[in-house]
Amino acid sequence: MSESLVVCDVDEDLVKKLRQFRFRKETNNAAIVMKIDKDKQLVILDEEHEDISPDDLKDELPERQPRYPFVISRGKFIVYSYKYQHDDGRVSYPLCFIFSSPVGCRPEQQMMYAGSKNKLVQTVELTKVFEIRNTEDLTEEWLREKLGFFR
């Protein structure tokens, strides 16, 4: 179904930033938060965060906040570099794509985000793709559970 939806392009500067983010040398948690510019039909950078836990990131994503003209709810795209301690002691830094589409978003916005999600994931070559409908779900426990699948 997403093939019939309006798919937004990804801002070229954002693509470059995300590729650099993939190969960052820092060992802390960091996030790039993106949004859709509805008028330009373009996925653009919204915010960057360094040394941020999943719980702190959750607090940066209010459930309802204007992001487009005349819109009261919004979705978000998040690329999150997470310091993941495996049960055997190994440490990895998976790059997670988290799609936030809060309950209460307008249907046209949900479709625009859903339709653009696949293009963004393919453009940046992300493999760990998760969705949340409630920002309260974004916790360290939730993320560790999701990443446990990729052992």
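Author: Happy to. Confidence is lowest in helix H3 (residues 107-124), with a mean of 83, and highest in helix H1 (residues 12-22), with 93. Over residues 64-74, though, the pLDDT is below 50, even if that stretch has 32 contacts in the model beyond near neighbours in sequence. Where pLDDT is low, the predicted coordinates should not be read in detail. For the protein, the mean is 81, and 86% of the residues reach 70 or more.

Let's go for strand E2 (30-37). To place E2, start with the sheet: 6 strands form an open, mixed sheet in the order E1-E3-E2-E4-E7-E8. Strand E1 (9-10) and strand E8 (128-132) sit at the edges with a single partner strand each, so one side of each has no neighbour in the sheet. H1 packs on this sheet, where it touches E1, E2, strand E3 (42-50), E4 and E7, and the direction of H1 makes about 160° with that of E2.

Now for E2 itself. 8 of the 8 residues of E2 are buried, so the strand is largely enclosed by the rest of the structure. In a regular strand the side chains alternate between the two faces of the sheet. Here, Ala-30, Ile-32, Met-34 and Ile-36 point one way from E2, while Ala-31, Val-33, Lys-35 and Asp-37 point the other way, and all are buried. Notice that Lys-35 and Asp-37 are buried too.

What about the partners of E2? On one side there's E3, paired with E2 in the antiparallel sense over 8 bridges. The two strands make a hairpin with 4 residues between them, and Gln-41 in the turn has a positive phi of about 50°. Across this pairing, Ala-31 has His-49 in E3 as its bridge partner. Ile-44 also belongs to E3, and, leaving aside neighbours within four places in sequence, Ile-44 is in contact with Met-34, Lys-35 and Asp-37, as well as Asp-11 and Leu-14.

The other partner is E4, antiparallel to E2 over 5 bridges. There, Met-34 stands opposite Phe-77 in E4.

In soluble globular proteins, nonpolar side chains tend to be buried together. The largest nonpolar core here has 22 residues, and those touching the most other members are Leu-18, Met-34, Val-43, Phe-77, Val-79, Phe-97 and Leu-120. H1, E2, E4, E7 and H3 each give two or more residues to this core, with H3 giving the most, at 5 residues. Val-79 ties several parts together: beyond four places in sequence, its contacts include Ala-30, Ala-31, Ile-32 and Met-34, along with Leu-18 and Phe-97. Apart from this core lies another, of 17 residues, among them Ile-52, Ile-78, Tyr-82 and Cys-96.

Notes: Residues numbered from 1 in each chain as written. Predicted model: local features only at pLDDT ≥ 70, side-chain atom pairs only at ≥ 80, totals over all residues. Heavy atoms only, no water. pLDDT = per-residue confidence, 0-100. Contact = heavy atoms within 4.5 Å. Pairing = 2+ DSSP bridges. Axes fitted to C-alpha atoms, helices over the stretch in contact; angles between N-to-C directions. Core = buried A, V, L, I, M, F, W, Y, C linked by side-chain atoms within 4.5 Å. Buried < 20%, exposed > 50% of the residue type's maximum accessible area, 1.4 Å probe, protein only.
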